[in-house]
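Reader: I'm new to this one. Could you show it to me and let me ask how you know things?

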Amino acid sequence: MQICKHTRGELGISASAVHHVMLAAPSACAGQQQNAARLGGDVVKIRIPICDQPDWGLIEAPGIGVEIDEDKLQMYHENFL
């Protein structure tokens, strides 16, 4: 069975995690829908590659490939509270 990823408003952390899953899935289709280009104020420090191009490619950074902006995360946490 072929797997095709569809998304609606996910953030950089989940986009990165699911990208790992799609890279590992033997039956992932080439075209994945991604709304990451709409991300504004995300908690990741560096804009993820899928925001600016149709193909992310392999993730070179450690872990899921993103670094978290702790200050921004704290700000959102305080706003939530």
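Reader: How many salt bridges does a search of the whole structure find?

Author: A search of the whole structure turns up one salt bridge. The term means a side-chain nitrogen of Lys or Arg within 4 Å of a carboxyl oxygen of Asp or Glu.

Reader: What makes Glu67 and Lys45 a salt bridge?

Author: Their closest N and O atoms are 3.3 Å apart, and the cut-off is within 4 Å, so the pair qualifies. Glu67 and Lys45 each lie in the loop between α1 and α2, so the pair ties together parts that are 22 residues apart in sequence.

Reader: Where do these values come from?

Author: This is a predicted model, where local features need pLDDT of at least 70, side-chain atom pairs count only at pLDDT 80 or more, and totals for chains, interfaces and linings use all residues. Residues are numbered from 1 along each chain as its sequence is written, and side-chain values use heavy atoms, leaving out hydrogens and water.

Reader: How many helices and strands are there in the protein?

Author: Two helices and zero strands. Both kinds are DSSP runs numbered from the N terminus: helices are H or I with at least four residues, strands are E with at least two.

Reader: Why is Ser16 called buried?

Author: Ser16, in helix α1, has a relative accessible area of 0%. Buried means under 20%, exposed over 50%, and partly exposed in between (1.4 Å probe, protein chains only), so Ser16 counts as buried. Of the protein's 81 residues, 26% count as buried.

Reader: Which residues does Ser27 touch?

Author: Leaving aside residues up to four places away in sequence, Ser27 touches Met1, Gln2 and Ile3. Contact here means heavy atoms within 4.5 Å.

Reader: What lies in the second largest pocket, and what lines it?

Author: About 250 Å³ of space lies in the second largest pocket. Its lining has 15 residues, with Ile46, Pro49, Ala61, Gly65 and Val66 nearest the centre. On a 1 Å grid over the protein atoms alone, a pocket is an open set of points where a 1.4 Å probe fits, with protein on both sides within 12 Å along at least five of seven lines; lining residues have an atom within 4 Å of a point.

Methods
Grid points are joined across faces, edges and corners, and a volume is the space filled by probe spheres set on the points.
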